[in-house]
Amino acid sequence: MAVNRKVQTLDEFTIQQLRDVPNATGELSHLLRNIGLAAKRVNTEVNKAGLVDILGDVGTVNVQGEEVKKLDVFANEQFTGVLSHGIACAGIASEELDDYVPFDDVKSNNSKYVCVFDPLDGSSNIDVNVSIGTIFGVYKRKTPIGTVVTKEDFLQAGNKQVAAGYIVYGSSTMLVYATRRGVQGFTLDPSIGEWTLSHPDIKCPEKGKIYSVNHGNFFQYEEKVRNYINECQHKTKANGGPYTQRYIGSMVSDVHRNLIKGGIFMYPGTTDKPNGKLRLLYECNPFAFIMSVAGGRATNGKTRILDIEPTELHQRTPLYIGSKLMMDELETYLNA
Ligand code: AHM
Ligand code: MG
């Protein structure tokens with residue numbers, strides 16, 4: 001079968017972009033390539049998830065003599081391993097790990113970037129064949145090149161990200177990443193194992209009809225949030241409605257859909273968890289960056305997500321993210 005040369009691969013695209021940036025070192029392209037590689041490996045395992053009972057239970061040794069690992073542990077090892085062997089990443093922080101990991105060797109210490117990621121988000125959906133994803137953010141380190149990275153390299157506000165992205169393991173597998181220059185979406189062509197540019201220069205529609213929130217928590221949300229949800233439910237044609245409620249429970253899939261179609265995604269604080277559930281570094285900042293480059297916005301209800309100065313690697317924050325005009329409308333309720 002002839003390969004369709006009309007489509008650009010991830011490597012071709014990033015090399016072409018490099019040509020437009022004088023003095024670029026290619027380190028970021030290298031890092032994205034490594035993330036794409038780890039994601040392909042994770043994708044293969046995700047596709048086999050339904051076979052886990054046949055291939056062996058978690059913690060046992062399978063017929064190939066390999067230990068069967070939980071998928072989120074496997075994904076974490078893939079991203080950490082690939083990035084530590086590359087030449088562009090000086091260390092990582094992962095939702096799966098208590099602390100950040102410096103890659104203490106000469107080539108890593110000479111790298112200028114650090115990476116934060118949630119290796120497999122939406123893990124409660126793995127067993128039931130529902131889309132899950134990986135989320136990542138990339139920062140320029142603050143400590144001098146040539147030294148071992150420290151915690152301050154990871155505790156940076158989201159507006160310092162140089163790139164962020166996600167992979168959605170869905171009906172097809174997509175890698176979407178943003179730099180300040182734009183948001184690009186690549187679909188994995190399984191027949192050739194290449195990420196191919198399928199969604200160039202993604203822009204989030206200014207307005208959409210989808211709102212995404214866990215309604216089960218409704219009575220735990222503060223009144224202003226409940227009032228906005230009521231507004232979403234009562235929209236008529238005359239005032240831009242009716243809205244549709246969509247909530248998968250996999251943030252990557254929920255926000256990806258809303259990014260493409262227009263919509264708003266909310267994970268507010270609850271009486272039990274005033275800061276909500278989602279993590280600032282691994283989940284909210286990368287999506288806030290992507291959404292803002294695509295023309296949308298993200299807030300915790302008071303402050304722009306990207307302006308929050310993190311104090312802890314695993315800190316949580318309420319999140320409201322989506323189409324610009326829907327965010328404006330939400331804020332009239334939150335500021336009431
Ligand atoms: P996880 O990191 O444990 O997978 O949890 C994060 C996920 C998000 O993908 C999703 O938006 C949210 O949890 C759903 O939570 P809930 O079931 O409370 O609505
Ligand atoms: Mg997560």
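Tutor: First, a term: a residue is buried if its relative accessible area is under 20%. Keep in mind that this is a predicted model.

Student: OK, how much of the chain counts as buried?

Tutor: Of its 336 residues, 53%.

Student: What box do the C-alpha atoms fill?

Tutor: Roughly 55 × 50 × 45 Å, along the principal axes.

Student: What about contacts between residues at least 6 apart in sequence?

Tutor: Of those, 64% join residues at least 24 apart.

Student: Switching to α7. Why is helix α7 described as largely enclosed?

Tutor: Nine of its 11 residues are buried, so the rest of the structure largely encloses the helix, which spans residues 251-261. The buried ones are M251, V252, S253, D254, V255, H256, R257, N258 and L259.

Student: What comes just after α7?

Tutor: G262, with a positive phi of about 95°.

Student: Now rings. How many aromatic pairs turn up in the whole structure?

Tutor: Eight. Take Y247 and F265: their ring centres are 6.2 Å apart and the planes sit at 20°, so this pair is stacked.

Student: Where do Y247 and F265 lie?

Tutor: Y247 is in the loop between β10 (244-245) and α7, while F265 is in strand β11 (residues 263-267), so the pair ties together parts 18 residues apart in sequence.

Student: Are those two buried or partly exposed?

Tutor: One of each. Y247 has 28% relative accessibility, so it counts as partly exposed. F265 has 3%, so it counts as buried.

Student: Which residues form an aromatic cluster?

Tutor: F13, Y177 and F186 form one.

Student: Last topic. How much space lies in the second largest pocket?

Tutor: About 460 Å³. It is lined by 23 residues, and L18, V21, L28, T179 and R181 are the closest to its centre.

Student: Which elements give two or more residues to that lining?

Tutor: Helices α1 (10-19) and α2 (27-47), plus strands β6 (173-179) and β7 (182-189).

Student: And the lining of the second largest pocket by class, what is it?

Tutor: Nine nonpolar, nine polar and five charged residues.

Methods
Residues are numbered from 1 along each chain as its sequence is written. Chains are lettered from A and ligands numbered from 1 in the order in which they are written. This is a predicted model: local features need pLDDT of at least 70, side-chain atom pairs count only at pLDDT 80 or more; totals for chains, interfaces and linings use all residues. Side-chain values use heavy atoms; hydrogens and water are left out. Buried means under 20% relative accessible area, exposed over 50%, partly exposed in between (1.4 Å probe, protein chains only). Helices (H or I, at least four residues) and strands (E, at least two) are DSSP runs, numbered from the N terminus. Rings of Phe, Tyr and Trp (its six-membered ring) pair if their centres lie within 6.5 Å; planes under 30 degrees apart count as stacked, over 60 as edge-to-face and the rest as tilted. On a 1 Å grid over the protein atoms alone, a cavity is a set of points where a 1.4 Å probe fits but cannot get out, and a pocket is an open set with protein on both sides within 12 Å along at least five of seven lines; lining residues have an atom within 4 Å of a point. Grid points are joined across faces, edges and corners, and a volume is the space filled by probe spheres set on the points. Ala, Val, Leu, Ile, Met, Phe, Trp, Tyr, Cys and Pro count as nonpolar, Asp, Glu, Lys and Arg as charged, and the others, Gly among them, as polar. Contact means heavy atoms within 4.5 Å.
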